[in-house]
Structure formats: structure tokens, C-alpha cells
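Subject: Structure for you to look at

Hello,

Please open the structure below and keep it in view while you read. My notes follow it.

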Amino acid sequence: MKLTQGCFSFLPDLSDEQITKQVQYCLSKGWAVNIEFTDDPHPRNTYWEMWGLPMFDLADAAGVMMELAECRRVYGDRYIRVSGFDSSHGWESVRISFLVNRPAKEAEFELVRQEMAVRSVRYTTVHRQPRPASS
Amino acid sequence: MLDVPHTTTIEVNEVPTAFDLRKEAEAAGITETLHQLEQELIGLKPVKQRVRQIASLLLIERIRQRAGLVSSAPTLHMSFTGNPGTGKTTVALRMAKILHGLGFVRRGQVISVTRDDLVGQYIGHTAPKTKEILKKAMGGVLFIDEAYYLHRPDNERDYGQEAIEILLQVMENQREDLVVILAGYGERMTSFFASNPGFRSRIAHHIEFPDYSEAELLYIAELMLRERGYRFSAAARESFERYIVLRRTQPFFSNARSVRNAVDRIRLRQADRLVSDLDRMLEIADLETIDPSDVLASRVFSGGAGSEQATGSKCP
């Protein structure tokens, strides 16, 4: 199951060249670029782990790409995303975030329906371990 | 059958066969930068020559690229060696401008660092620090002042070596992203390169900055005064010539920097002289002119070796 999350999620995966251009765009706007990774890509999990510190004061995307390569080397089997944080007054929030790495075998989710009292229904997204290739 | 003339099809991406060198150079802004270099920096003949050579190579390389000829990204790392006050930092800043104008660095920012910015205090502190700086310098020029302090041969547990290793790796692998310029005093740089053989060969341009001659130092002083809106009287100029001759033989002489300090002190003395007599009318000429007494009051004339230090102004 191809996970869709963040910007460009319905496009094919970005190439490194495209990632570089997006990062350069963030830097040109003065946003701090972050690299984050996780093995739990559940949509409610907003707390991904950070790779190093947020990158302020960079001029060129090559620095971010260097860190990304290093992060992929260590956590290549996990989801990695890049986000741009705008610290300017009034925004003070993440302005862009997109996946830059996904594991070979992706996570699977299932929608579980639960019948409650007075005919109300509760839905839960459950994270399933990927099934073995044979099934 | 229609007779369609095939000659009308024009290739959109046609490679130009002739290049207007003057236009190319002006578009890249190097004529202007080189002119500035020639005008504002006094002396330094070998340095200017080398900088011009590098700029020419880069220009030709860029044209070759557009013409579709074989071109390889040239190694641009440099090392500037020379005595104190010979203009290494100034030239490094100019160099960044030239490289940026020619498109050999993408952003053109100069990150100026010393040992403190690269080397950490404890284990595991150095690598993130060095990488942080490298990331900031990407797409621009990393200027490492007094690079020999990175290497501390007397201390085995020094983390400088770690910074050097990371630096060397990036210098080699990301040549198109980053230009590193090392600067430092001649002898110490030589021993630094001797202890890190990989460093020397990874740097393509070793540029030596010569000391200034007495005439050049005088010219520098006059230029500095003019920038600040002062000028020597004829007699003061003559006494400053003597000042330079004496100052050069004394310890802690650092070329243009010593001259700058001397000029600052001369301005102090001139102001003091003007203020000492409150009852007179000042004219514009009085404000502008440096008298010989302002120069001759210097301890260099009476004291001799180390006298400048005694006045409290350190000349490293």
C-alpha cells in the first residue's frame, strides 16, 4: 500500500533532483528545513523523530541533501520526510512537508468499524504489519 | 508531390560557433571585479596575476561548456599564505565574487571560520559542528583563517584531526558544491601541509602573498587617509616615509595592518592637537591636514623595538 502523506502525495515519488529544488525553494523563503523519520507512519502520529537539528541559515540545498543521504544510509528502511518550518511572525508553523523515502515493504492500514450504542458507528484506522509476500 | 525545402528547419538548441569574449567576460562581471582588484589593492603582483589566470580559466571553461567541448569542473580549492596584513582575507572575499560571477559557486556566500567553529570540546562534538559549518557553506566559499590551528601535533587527544578528515572528504566528494580557501602565515602553513599530506594535493592553487614594499605601504597609508577625508602635508608625508622605514625593522610589524593602526593613531594625535587650543578658529584645511608633528610624536621614532606595544595598541 503506497502511503500518501504531506505535499505531492498523489504524484510519483520525487527524484533527488526534484527534492533539491523543493528544498531550495524552502531555503529561498527563509524556512528552516528539517529531516524526520519514523517507522510508524500512522496519520495520527505527528511526532516523527528528527534527524539532527533543524537547518537554519543554509544558502544552498546541497547541505540538506548531504544530511538526507546520511539519514537514508542509516534509516533507509523507514519513512523519511522533509519539512520546512516558517518562523516568521504570524505563521510560526510548518509550511511544507513531503515524503522523501519509503521502505521497500510499506505499512498497511485497515479501517475497523465498531458498532456502538444507539446505532452509532466508530471508525478506527489500524496499523497492520505488512503481510508476507506469499499471501 | 510538394517540394518542401528542407533547409528551413532550424535546430533550436544550436551550439554557437563563435563567442564574443568581451561580452562573455562582462556578462560574468569579472572585468569589473578584476578592475576593482587592480584599483583597490596595492602591490601583490603575483597574487593578482594568479587570480587573473584563474578567472580566465574559469571563463574559458564556461565557454567550452556551452560550446559542447570536453570540460571538467576545475578543482578550485585554494591556499593563501603570507605574512600578517598582506591582504589574504580581502582577496578571499574578492575571489568568492569572481567564482560566483562565473557560476562556479551557486550562491556566492562566504563563510569565514577559525578553529573554534570547526573543532569541538569533547568526543562526538566535532563532527556535528564541522558538518553544520559545511552545510552553511554549501554553494559558496568556506574561508578557514589560520588553518594550521586545526592540527595540534603536541596533543594526541585533540579533535582537530577529526575536523580535518571530514573537511577533506567533503572537499573531494562535493567539489561542485563548495570551494575551500585556507589562509595563514607562510611557515606555519608549510608545516601544517607537511603533517597532512592529503591536504596539500587536494588544493589546486597555492598562492603566496608577498610583503609590501615601502613605497606601497606609503601609498596604502595615503589611500586610507583619503578614504577617511584626510591628507598628509608635504612634510608629514616625508616623515611618514621615515616612520615606515623604522617601523618595518621593529617586531610585530604586520604590513598593511600596521599602517592602518598607525593612521588611526595619527588621527588621534591630530584631533588632540586641534582640541588643545580652544581659542582658535578652525578651517576646513586644518581638519583635513596631517602635520608632521602628528607623525613624529610616534614612539617608533624614540623608542625602538616593541615601542608600539607599550602604547597599548597591539600589533599581532
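Some ground rules. This is a predicted model, where local features need pLDDT of at least 70, side-chain atom pairs count only at pLDDT 80 or more, and totals for chains, interfaces and linings use all residues. Residues are numbered from 1 along each chain as its sequence is written, chains are lettered from A and ligands numbered from 1 in the order in which they are written, and side-chain values use heavy atoms, with hydrogens and water left out.

**Between the domains of chain B**

The size of an interface is often given as the accessible area lost when the parts come together. Here domain 1 and domain 2 of chain B bury about 600 Å² between them (accessible area, 1.4 Å probe, that two parts lose on being put together, summed over both). Carbon and sulfur atoms hold 64% of that area. On the domain 1 side, I42(B), P84(B) and G85(B) lose the most area to domain 2 of chain B. Together they make up 75% of what that side buries.

How many salt bridges are there between domain 1 of chain B and domain 2 of chain B? The count is zero (a side-chain nitrogen of Lys or Arg within 4 Å of a carboxyl oxygen of Asp or Glu).

**Aromatic rings**

There are 13 aromatic pairs over all chains. Rings of Phe, Tyr and Trp (its six-membered ring) pair if their centres lie within 6.5 Å; planes under 30 degrees apart count as stacked, over 60 as edge-to-face and the rest as tilted. Y148(B) and Y149(B) have ring centres 5.1 Å apart and planes at 65 degrees, so this pair is edge-to-face. F192(B) and F193(B) form a tilted pair, 5.7 Å centre to centre with 50 degrees between the planes.

Buried means under 20% relative accessible area, exposed over 50%, partly exposed in between (1.4 Å probe, protein chains only). Y148(B) is buried at 5%. Y149(B) is partly exposed at 34%. F192(B) and F193(B) are both buried.

Ring pairs also join F232(B), F240(B), Y243(B) and F301(B) into a cluster.

**Charges over rings in chain A**

The charged end of R81(A) sits over the ring of W48(A), 4.1 Å from its centre (NZ of Lys or CZ of Arg within 6 Å of the ring centre and within 35 degrees of the ring normal). R95(A) lies over the face of W91(A), 3.5 Å from the ring centre.

Best wishes
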